[in-house]
Amino acid sequence: MQEIDAMKLDHAWTVRDSAAGGPTLSGQIPLDVHQLLLQAEQIPDPFYRDNEAAVQWVHERTWIAETEFEVAAEQLAALATLRLEFVDTHATVALNGVDLGTVANSFRRFEFEVSQVLRVGTNRLTLTLHNNAALGAERAARQPFPMPWADMNNDIPHMNLVRKAQCDAGWDWGICLLSTGVYKAPELIIHRDRTLSTVRVFQHHRTARVDLDVVVDTAGPATTEQTVELALGEGVTATVTLAPGQHQGTARLTVREPELWWPAGYGEQPLYRLTAELDGQHWQRAIGLRSLHWDLSPDDAGNRMCLVVNGVEIFAKGANWIPADAFPARHTPERYEQLLTSAVEANMNMIRVWGGGFYEHDGFYDLCERLGLLVWQDLMFACALYPSTPEFLQDVGPEIDWQVSRLQAWGCIALWCGDNEVIGAINWFEESRRQREKYLVNYDRLNRVLEQGVAQADPSRLFWPSSPCNGSMDYGDAWHDDSKGDMHFWDVWHEGHSFSAYTEIKPRFCSEFGYQSFPSLRLVRQFTEAEDRNVTSPVMEAHQKNDGGNARIVEMFTRYFRFPVGFDQFLYLSQVQQAIAMKTAIEYWRSLRPHCMGTLYWQLNDNWPVASWSSLDYEGGWKQLHYHARRFYQPVQLFWLQDKDGAGLQLVAVNDLAEAATLEGAWRRHALDGTLREESLLKETLAPGESRTLARVASTEAAAEFVTASASATMTTSGRQFECENTGYFDLWKALHLPAPEISAATGHSQDGPWVELRCERPAHFVTLEADAPGRWSDNSLTLLPGEPRRLYWQGGTLPVYRINHLQASYQ
C-alpha cells in the first residue's frame, strides 16, 4: 500500500452534535458517525426490521469531529502540510481555531499549508461535517437548468450534485444512511520543500525485458534541487532529480527476464515492490508486470471487445462490485479479503468497480493485484444526469487527476470507464427527453473533461466513455446493440422476459445483467422477528429496495417451478432460480467465444441484508449462485445448452486457456428415477480458446428424463486438471414428476475438515446444505445421483447444524 511518512492523526477523536445537549462520542479513524452512534446506543440498528426510517435524522445534523496532537519545537522550523482524503463530504477544516477552508468532494485529496498555524505542544484539528443533503439542495437551486437525479434509487434528492457515493442515499439494493465522517487518517507532513504526491508507472514490454517509465509527481514550493530515489525489488534502482521549480520527473527502470503477472486462472501473480523516497517521505507499492490492451477491431459482426494480457486473449469472468458495507467504517481489509477471495474461488478474473459507489481504498487494489483480479474501474457517476457548469468541472477535474494518478501504478487496472448508464439516463427523465440535444451537449462536455483527465494522468490505458456504450463517439443504444461495445442486458429482470431471452442475444461483452434472490434463512433470522417471516410482510418488503422485486421473483416461480411451500422454501427456491438465470446467460455467452469475450454479472456483494442480485450475501456467505459461478466460470467446462429448435440439448465444451485441454469422461441420459437410459464416452482435445459442440441429445419423454455430463480435463502443457460436470433438463422443472430422493447423510472429520456425505435412492436436484453458522461448503446446489455419494467439506470451523434442501422438498 502507499505509505508516506507522516504524523497520522488516526486516534483519540471525539464527535459531537453541534446542537447543545448531545453526548460526546469517542472514536478513531475510520470515523463513521452512524457507526459511532450505533456503538453508543444512540440509534437503533438500521439493518434490523424497518429501523431505517428511525435514523434519517443523523444526516440532517452538523457533526463536529476533533482530535489533538503534539508538535515539537524543531518541527516548526520546517514546512508543514495537512493532507486530507476520504472526507465525507462537506466539511469545514480548522486548526487551532484558524479556519483553513472548506472541502466538499469525498473523492479528492486536499492539502493545506499549516506552518504558520501550528504551535509547540498541543494542537487541535477540527472538522465540522455539514449536512450533505442540504449541499445537494443548494447546488440544485444554482443550476442553469434542471439536473434530474436518480429518483428511482435515491431517497434523498440531488445527490448527483454532491461528490460522494451516490448509493449512500439509497439504491434499488441499498439502504439510505447518507453517511458522513472521515475514513482515512488525516496526515501532518513535516517537510523541507516538496511533498511526494503520486508515483505512476508506464510499462513497455519487449523481448525478455520490461522497461518501466516511472513518473514522480510532487507538490510544494520546489525552491531547491531535490532527488527522488527509486528502487524495484533487489538491485534495480534509479534517481529522479528535480530542479528548482520542477514538480514532475521521470526515470526508467529495466527488468530483464521478468516474471509476468497473469489474471487469475491464466497463471501466477508475481509482484515487484516499487519504492520511492524523497527527503524522508516514502511511497511503495507491489505491482505486477504485464502487457495489456483491448482489441476493439472490426469484424464481420461489428467490433470486438476483448482484453489481451501478455498476448493472450482473456475471457473476462466476474461480477460488479458495490461498496462493501453501508457503514464506511466497516470497509476493512478483512472484509475486502473475504469478498475478493470468494470471487477468485469462484473462478472470477475481473471485478467492475461500479460508478455509483466510490474509488476504493488502496487495500482493495492491493488485494486485486495479489489475487489476479483485473479491475474495470468506473469513474464515480451513475444513473443520473450531471452538470457541466464551470463550478462542477473545476471540482471534478482534480478528482479525476488524483484518483487516476493514485490508482495508475497497479497492473490490475484494466480500463477507465467514464460512468455507469449516464448517457442512457438522458432517456429516463421527462426534462431531458424533451430537450435531448441540450442534455446531450451537457453530457458530452462533462465526458470530455473526464476523458482528458484520464488521458493526461494515464495515457497507457483505454478510456471507455460509459457503460454500456458502443465505443468512443458513439452514443447509440448499447442496451440492445450486441454487435459492438459493452452491453447491459436487463430484459429478463426489469422487463419480465423469460430466461430464454439470454440466448436470443450475442453480446460482445456483457458488463451488467442479473436476477434477484432472497437472502439465506440464517441471515433473514438476524433482521426479522418470527412474525416477519413471510415474503410479503412489511419487514421483508422493507428489505427489498427494487419496486415490485418480490413480485417478480414469485411470478417467475410460476413459469418454471411448482409453487414452494413454506417461507424457508421461498428463500431456497429463489436462490435456485437466480442461479439458473445466470447459468443460462453465462453458459450460452461463453459458448459464443470469440464473439463474446466477457461477462460481469450484477452483483458480487451486498452492503446490508437485503433481497438483491448478489451472489454473496451481506455476511459474505455463498448463495447458490456463487457455487454455480465457480462451476460455470471454470476455465474448462461442459455446458448443456438448449437447441434453438427446442428439440433437445447440445453438450458444449469450452476452453478459455492458452493451451490445449484433453477431456475424458461421459455424458448420460437418465430417467427421473435414476435409471440409466443412454451413455456415451467422451475423449476430446480442445484447442486453446476453443468452444465446440460435442454431442446433441434428444428425448421423446422430455418431462421424464434429464442428462448429466462429467469429464476430467487435463491441460497438455501445464498438466493442470479440472473436473467438469453439468446437468441439463429437457423440460421445465414444474413439468417434472420428481420422485422422493430419500437422501441420507453421514458426518465425519478428516485432514480437510469436517464433512457431510450425502447419498440418495433416487436423483435429487439442486441439493443444498444450509448451515446455521458463518462459513461455506466445498460444493453446494448440486445434482445427487444414486450410487454416487458426494462428500461436502465445511469451511468454517466446527461442523454446524445444517439442513438438507432439494428441489422436490420445495413443494412437497
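Trainee: By class, what does the lining of the second largest pocket have?
Mentor: In this predicted model, that lining has 14 nonpolar, eight polar and ten charged residues.

Trainee: Which residues lie nearest its centre?
Mentor: Of the 32 residues that line the second largest pocket, Glu421, Trp428, Trp479, Trp490 and His494 lie nearest its centre.

Trainee: And what volume does the second largest pocket have?
Mentor: About 750 Å³. For the largest pocket, the figure is about 1,200 Å³ of space.

Trainee: OK, on to the largest pocket. How many residues line it, and which lie nearest the centre?
Mentor: There are 48 lining residues, and Lys583, Trp640, Thr727, Gly728 and Tyr729 lie nearest the centre. By class, the lining of the largest pocket has 21 nonpolar, 17 polar and ten charged residues.

Trainee: Which element gives the most to that lining?
Mentor: Helix α12 does, with six residues. Elements giving two or more residues also include α13, β36 and β42.

Trainee: Switching to the helices, at what angle do α12 and α13 pack?
Mentor: The angle is about 20 degrees, and their axes are 8 Å apart. Angles under 35 degrees count as roughly parallel, so α12 is roughly parallel to α13.

Trainee: Is the crossing left-handed or right-handed?
Mentor: α12 passes α13 in a right-handed crossing.

Trainee: Which residues in α13 does α12 meet?
Mentor: Gln624, Leu625, His628 and Phe632, and they meet α12 residues including Tyr572, Met582 and Lys583.

Definitions and conventions:
Residues numbered from 1 in each chain as written. Predicted model: local features only at pLDDT ≥ 70, side-chain atom pairs only at ≥ 80, totals over all residues. Heavy atoms only, no water. Axes fitted to C-alpha atoms, helices over the stretch in contact; angles between N-to-C directions. Helix = DSSP H or I, 4+ residues; strand = E, 2+ residues; numbered from the N terminus. Parallel < 35°, antiparallel > 145°, perpendicular 65-115°, else oblique. Left-handed = near helix turned anticlockwise from the far one by under 90°. Contact = heavy atoms within 4.5 Å. 1 Å grid on protein atoms, 1.4 Å probe; cavity = no way out; pocket = protein on both sides within 12 Å on 5 of 7 lines; lining within 4 Å. Points joined across faces, edges and corners; volume = space filled by probe spheres on them. Nonpolar A, V, L, I, M, F, W, Y, C, P; charged D, E, K, R; others polar.
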